[in-house]
Each structure stands twice: as C-alpha cells, then as structure tokens.
Amino acid sequence: MAERVSTADRQGSPASPLMAWHFVDEALRDGRDVPPDGEVLVYDDEVAVCASGLHASERLLDALKYAPGNTICRVVCEDIVSRQDDKLVCRSRTIQWRLDGEELLRDFARRVALDVADIWDIPEVVRKYLETGDENFRVPARAAAREASRAHAARNDVEGAVAGEAARAAAARTHAARATGLAAAWAATKATVSDDAWDRYNTLLETMVEEARQQDDGDLDEWADLGD
C-alpha cells in the first residue's frame, strides 16, 4: 500500500534519485487524491513492474503510452526496483512540478504530423490545419486525411498511408489529448522508417513542455508585480 510522508520525514535512499516523467488524472489509479508537489509517495508492499508499485518513465513520450490523464508530471524516483526500456517501478515517487498537457499534446500531434508531410500527398486543408490549429479546418482536414491515407494504402504505399494517419490522428478532437499525441507520434515514427524518430519526437515533446513551463512561470511573475 502506498502512503504519503513529508520530505522532512523521508529517510535517505541507498540508490541515487532519478528524474523521470509520469502522467496523472484527477486521482491516482487506486482512487486517492494525487499528492501535491513536493509530497513523497511511498509504496510499502511487494513491487512488480506493470503490477504494483509506483511507475514512471525516463522519456516523456514513453510515459505518454501509460497516461491515465493529460497532466504531465516531472517526478523524482527513489528505491527503484525494476527497469524496462520504456518504464520503471519504484517504492518512492515525488512530483516536482506538473503541467496541464491538454492543448500542448494536441499541438505536439500537429507538429509530428507536419514532420512527415512531405512523405504523402497531403491535401491543402490538412496542411492548413496542422500549421495553424484553426478549428475551422479540423473536421474537413480529418476527412481529407482519411481519404488520402486510404488512397496511399490502395497503392501499397505504406509510409504515405501511415503519414496520413498521423495527420488524421492530430485532427481527432473527439479523442483525449494524450491519445491524440501518442497516435500521431506512433504513426509519424512508422512513416519515417527512421531509427531515431521516436527519440526525436521525445526531444520535441520535452522541449515543448519546458517552454510551456517557463511561460507559466513568466505569467506568474507578471501577476506577482501587482502585489505591490
């Protein structure tokens, strides 16, 4: 069972702390409230990756695979029990800061879809939506992307078809932002047939998050000036 302790009460871990990424929804998976920033969450029972314990990922795009919500958290993990290529499980996890990823993840989806725009016969309305995010283009863009993707598939152009699916995913407003971002990144990675595509898109997403966080900090500083 996981319990919360204050940072001051936490005993030093024999292993070095590891910075990682984690997504949360309005509550933890067991239904309890998500801890506030700086509060240590400790898991005392048996730990097994994918089954029990506190999970996180060293790459943000990997964490997106397991996201239950759109809130992006930068976390510190200690007492790490097991690690796999895209995730780890530990006994102690602390949220350092968090960011609402709703619009950011949709923006990310459009950017990765644009990254493979030259691989397929992209309709103009699709390009306009990916470049601007204008909602007036979204519905026709999704329909056009689906039709063009099917045309590429009919010609056995797998890369072109999957690139079209990346655009269609980016225009899918009915899906959760986390699903939209992940689907677009997965499709774009398949379309590029590049060994480093997933890493490049991860770097892009982490950069976007850091820029958004800096923007949020700047907005808070502006409001702070009004306190005088």
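How are α4 and α5 oriented to each other?

## Helices α4 and α5

Helices α4 (residues 135-154) and α5 (residues 158-170) pack at an angle of about 165°, and their axes lie 8 Å apart. α4 and α5 are therefore roughly antiparallel to each other, a term for angles over 145 degrees. Axes are lines fitted to C-alpha atoms, for helices over the stretch in contact, and angles run from 0 to 180 degrees between N-to-C directions.

The contact (heavy atoms within 4.5 Å) involves Arg142, Ala145, Arg146, Ser149, His152 and Ala153 of α4, together with Gly160, Ala161, Gly164, Glu165, Ala167 and Arg168 of α5. By class, four nonpolar, four polar and four charged residues take part in the contact of α4 with α5.

## Basis of the model

The model is predicted: local features need pLDDT of at least 70, side-chain atom pairs count only at pLDDT 80 or more, and totals for chains, interfaces and linings use all residues. Residues are numbered from 1 along each chain as its sequence is written, and side-chain values use heavy atoms, with hydrogens and water left out.

## Helices α2 and α6

The axes of α2 (residues 102-115) and α6 (residues 177-192) come within 8 Å and cross at roughly 20°. α2 is therefore roughly parallel to α6, as angles under 35 degrees are called. The contact of α2 with α6 has eight nonpolar, two polar and three charged residues.

## Strand β3

In strand β3 (residues 40-43), Val40 and Val42 on one side and Leu41 and Tyr43 on the other are all buried, that is, under 20% relative accessible area with a 1.4 Å probe, protein chains only. β3 pairs with strand β6 (residues 88-100) in the antiparallel sense over three bridges; pairing requires at least two bridges found by DSSP. Valine 42 stands opposite serine 92 in β6.

How values were computed
Helix = DSSP H or I, 4+ residues; strand = E, 2+ residues; numbered from the N terminus. Parallel < 35°, antiparallel > 145°, perpendicular 65-115°, else oblique. Nonpolar A, V, L, I, M, F, W, Y, C, P; charged D, E, K, R; others polar. Buried < 20%, exposed > 50% of the residue type's maximum accessible area, 1.4 Å probe, protein only.
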